[in-house]
Amino acid sequence: MVRQLVATPSVSSQDLRFDQSNRGVIELLAEWSAGLGLAVQIEALPGQTGKANLIAKLGEGEDGLVLSGHTDTVPYDADRWSDDPFVLTEHDGKLHGLGTADMKGFFAAALHAIARFEPGALRRPITILGTADEESTMNGARALAKKGERLGRYAIIGEPTGLAPIRKHKGVFYVQVTVSGKSGHASNPALGVNAIEGLQLVLAALQSWRDTIGARYHDEDFEVPGPTLNFGRVSGGDSPNRICAESKLTLDVRLLPGMQRSEVTAELRDVVANALDGGPWGFDVKGVGGYADAFGGPSDAQFCTAVETLCGCSARTALFGTEAPFLTELGLQTLVLGAGDIAVAHQPDEYVTMAAIERATDVYAKLIKRFCIEPA
Ligand SMILES: [Zn+2]
């Protein structure tokens, strides 16, 4: 299964040169799910025929467990991979391929876990959810949240967590700051307004604002306990002999649970405005993607405890974003738990071990038994 999933490209990217349909992966999952007796729904994303979510459900009723994963992968640097990223290659028990850990291996584990049970044994339904575009826009999960269909009571998102449950994670979004000036001949500064010099003021102001919000928000549950602000990209200008008319800065902002993206953006806009106040520049601040909200964890502490007991380890926090906030919006008590290491995801030679997929299969089977079969 992992081999076939990896061989079926499903890159998602906001850069349309790299973006692909995820239909091939959805169709494989639909076929395998139907083979196990699950009722399969494929839902195209609004206005995007090449992108779809899959909802495959075994059993009836409103409660039960959802095993959820995204069907897309990030783009790849073909030159940096030791082997073809779309051909599963095995070295020392490691299965290498694009999306093995993040997170095509998850679907193989989830489907094999379901296959261990007789459909008639289920008192509450088990659902496989496969989403589109998690790595780019989260539009798949967003469409599900908007539709608002109740999918179950509990959800596990099988992102690579080394099989330790994650109960909280930060939120992320990208912001672009554009500083505009006026071009002119480099020989006379009075002929233009240099946007790079404006951006320099913005950078200094944002650096000190970073310390301010770091002091204001704090959550010791996280390895990096404050919000973060990364200056990821700057661009501007074309030629040394021209005054630069426009410069841009793109930032990655990571929020703690409880912080609101809209409030942070408004504050950031004020910082930029104050930095440029009195100067000749214009500016614009806008969100440019990456939108994942922070995840504050399931409200049902018993769910968390039950999963911790079944896994044999306590729940932790993560610094990466997932679709958990969208599933929470649907009323699902959600945790993140899957095979593989996030550190190898989004990297050349990404891998998951066969042993980890087998352990994940065992854990998912225990969860199905606990939440779909045993008395509530
Ligand atoms: Zn992922």
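A: Start with a definition: a residue is buried if its relative accessible area is under 20%. This model is predicted. In it, Tyr154 and Phe303 are both buried.

Q: Which residues hold the zinc ion, and through which atoms?
A: Look for N, O and S atoms within 2.8 Å of the metal. Here the donors come from His70 (NE2), Asp102 (OD) and Glu159, which gives two OE atoms. They lie at 1.8 to 2.7 Å. His70 and Asp102 are both buried.

Q: How are the donor residues spaced in sequence?
A: The pattern is H-x31-D-x56-E. His70 belongs to strand E3 (residues 65-70) and Asp102 to helix H3 (residues 100-115), so this pair ties together parts 32 residues apart in sequence.

Q: What do the angles at the zinc ion tell us about its site?
A: Ideal angles for four tetrahedral donors are 109.5 degrees. To count as tetrahedral, all angles must lie between 85 and 135 degrees. At this zinc ion, the angles among the four donor atoms are 52 to 143°, and the site is irregular.

Q: How many aromatic pairs are there?
A: Two rings pair if their centres lie within 6.5 Å. By this rule there are six aromatic pairs. Take Phe106 and Tyr364. Their planes are at 80° and their centres 5.7 Å apart, so the pair is edge-to-face. Phe106 sits in helix H3 and Tyr364 in helix H9 (residues 354-373), so the pair ties together parts 258 residues apart in sequence. Both residues, Phe106 and Tyr364, are buried.

Q: Is the pair of Tyr154 and Phe303 stacked or edge-to-face?
A: Planes under 30 degrees apart count as stacked. The planes of Tyr154 and Phe303 are 20° apart, with 4.7 Å from centre to centre, and the pair is stacked. Tyr154 is in strand E7 (residues 154-157) and Phe303 in helix H7 (residues 301-311), 149 residues apart.

Q: Which residues form an aromatic cluster?
A: Phe106, Phe107 and Tyr364 form one.

Q: Where does the charged end of Lys94 sit?
A: Over the ring of Tyr351, 4.8 Å from the ring's centre. Lys170 lies over the face of Phe222, 5.8 Å from the ring centre.

Q: What is the volume of the largest pocket, and which residues are closest to its centre?
A: Rolling a probe the size of a water molecule over the atoms shows where empty space is left. The largest pocket has a volume of about 1,200 Å³. It is lined by 39 residues, with Val74, Glu135, Tyr174, Arg254 and His346 closest to its centre.

Q: Which strand supplies the largest share of that lining?
A: E11, with four residues.

Key
Residues are numbered from 1 along each chain as its sequence is written. This is a predicted model: local features need pLDDT of at least 70, side-chain atom pairs count only at pLDDT 80 or more; totals for chains, interfaces and linings use all residues. Side-chain values use heavy atoms; hydrogens and water are left out. Donors are N, O and S atoms within 2.8 Å of the metal (3.2 Å for Na, K and Ca); water is not among the atoms, so sites may look incomplete. Four donors count as tetrahedral if all angles lie between 85 and 135 degrees; four count as square planar and six as octahedral if opposite donors are over 155 degrees apart and all others between 65 and 115; anything else is irregular. Helices (H or I, at least four residues) and strands (E, at least two) are DSSP runs, numbered from the N terminus. Buried means under 20% relative accessible area, exposed over 50%, partly exposed in between (1.4 Å probe, protein chains only). Rings of Phe, Tyr and Trp (its six-membered ring) pair if their centres lie within 6.5 Å; planes under 30 degrees apart count as stacked, over 60 as edge-to-face and the rest as tilted. A charge sits over a ring if NZ of Lys or CZ of Arg is within 6 Å of the ring centre and within 35 degrees of the ring normal. On a 1 Å grid over the protein atoms alone, a cavity is a set of points where a 1.4 Å probe fits but cannot get out, and a pocket is an open set with protein on both sides within 12 Å along at least five of seven lines; lining residues have an atom within 4 Å of a point. Grid points are joined across faces, edges and corners, and a volume is the space filled by probe spheres set on the points.
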